[in-house]
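Here is a short briefing on one protein model. Look over the sequence and the structure, then work through the points below.

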Amino acid sequence: MTTILIGFSAKAQQPDPPGQVQGNEKPKNEAYLFAHMTHNDYGRLYYSVSLDGLHWENLNNGKRVFEEYKGHPDICKGPDGKYYIAGNTGDDAKAINIWVSDDLITWKKHSDYTPDLKSTPDYSNALQRIGAPKLYYDNDSQKFIMTWHTPHLEGIKGDGERYWRSQRTLYVLSKDLKNFEGPPNRLFDWDMGTIDVFIRKIGDSYYAVIKDETYPTLYWTTGKTIRIAKSKSLLGPYSLPQQSISPNFREAPMLIPSPDDKIWYMYYEQYPGVSYGLSIADNLNGPWFQASGYTFFSDWDKYSFPEKVRHGCMITISKKEYDSLVKKFGKKN
């Protein structure tokens with residue numbers, strides 16, 4: 001009997017992640033785009049696509065899709081139906097660069113924004129560094145919010161983490177991503193290192209998805225994990241972040257709704273470019289569980305990526321947009 005049980009358990013399959021459509025049911029979210037960089041070509045723009053939000057395929061034979069772009073890709077759709085992507089040529093670049101597209105295929109320069117970091121209230125020692133700018137259009141205020149992270153302390157010998165734990169999330173508002181309102185401001189009133197922050201409004205609440213940039217210890221177990229803070233207002237005040245969604249040493253979170261629009265998929269990178277994890281919940285307040293995937297063992301993979309992808313953003317797209325992207329770029333052979 002023991003032998004039979006062991007043999008059975010070795011062949012048992014995990015249940016599939018929730019959120020997929022069944023039978024002839026039409027998905028509410030038809031397709032997805034993952035705009036990302038790669039391990040071997042950091043900071044350049046690549047595309048992968050998916051029809052289920054779980055299994056991703058490279059486009060353009062794994063080559064760049066837009067040569068001019070540099071940065072940590074982040075795309076949002078504006079009220080005009082156009083897509084906007086933010087980037088910068090490096091953390092030490094003074095400007096954030098923004099492009100616009102009607103179809104996610106052809107991009108043209110929209111604007112450059114150079115924040116006066118020294119003018120940020122209560123942050124007069126900010127260094128001239130701009131990390132991973134991200135965009136979100138808020139329907140309530142009819143404004144874009146652009147967030148990024150900036151440090152205020154250099155690393156020193158024996159304490160390179162001083163630089164990282166000094167990162168704070170800044171933001172600026174704009175109606176058109178050409179004219180920006182006032183100096184940058186700090187998004188959170190709590191004193192904690194944060195990077196890779198993006199905002200989503202779900203129901204009546206705003207959620208800020210963050211990477212906790214404090215180093216993990218016995219006394220700060222949430223360090224280097226993905227967490228969520230919550231507010232009734234776009235600009236806060238935001239609650240202290242909830243407990244970790246991911247294991248330690250994860251960053252660059254990405255959030256998409258499932259095809260049936262009932263489940264949330266939160267992806268994050270195990271850095272430096274080692275793997276990707278996926279946590280799943282039926283609402284952003286949790287609880288979350290972690291799915292198994294990206295192991296390249298088919299019995300265990302409930303989600304999959306092309307090899308060597310690194311962080312960027314994921315958005316929902318229509319099946320028509322998916323077909324246009326595949327027609328233009330082709331899937332990797």
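Buried residues make up 55% of the 333 residues in the protein. Buried means under 20% relative accessible area, exposed means over 50%, and partly exposed is in between (1.4 Å probe, protein chains only). This is a predicted model: local features need pLDDT of at least 70, side-chain atom pairs count only at pLDDT 80 or more, and totals for chains, interfaces and linings use all residues. Residues are numbered from 1 along each chain as its sequence is written, and side-chain values use heavy atoms, with hydrogens and water left out.

**Overall build**

- The protein has three helices and 19 strands. Both are DSSP runs, numbered from the N terminus: helices are H or I with at least four residues, strands are E with at least two.
- The radius of gyration is 20 Å, close to the 20 Å that the globule rule gives for 333 residues, so the protein is as compact as a globular protein of that length. This radius is taken over C-alpha atoms, and the rule is 2.2 Å times the number of residues to the power 0.38.
- Along the principal axes, the C-alpha atoms fill a box of roughly 70 × 50 × 40 Å.
- Take the contacts with a separation of 6 or more: 52% of them join residues 24 or more positions apart. Contact means heavy atoms within 4.5 Å.

**Surface and charge**

**Cysteines**

- How many disulfides does a search of the whole structure find? The search finds zero. A disulfide is a pair of cysteine sulfur atoms within 2.5 Å.
- Cys76 is buried, at 8% relative accessible area. Cys313 also counts as buried, at 5% relative accessibility.

- Tyr271 and Pro272 are joined by a cis peptide bond, with omega about 5°. Pro272 sits in the loop between strand 16 (264-270) and strand 17 (275-281).
- Gly286 and Pro287 are also joined by a cis peptide bond, with omega about 5°. Pro287 belongs to the loop between strand 17 and strand 18 (289-291).
- Asn61 has a phi near 55°, a positive value in a residue other than glycine. Its loop runs between strand 3 (57-58) and strand 4 (74-77). Asn61 is partly exposed, at 39% relative accessible area.
- Phe296 has a positive phi near 65°, and this residue is not glycine either. Phe296 is in the loop between strand 18 and strand 19 (309-317).

**Around Ala95**

- Ala95 lies in the loop between strand 5 (83-87) and strand 6 (96-101).
- Which residues touch Ala95, leaving aside its neighbours within four places in sequence? Ala95 is in contact with Asn88, Tyr113, Thr114 and Ile130.
- Ala95 and Lys211 are 116 residues apart in sequence, and their C-alpha atoms are 23 Å apart in space.
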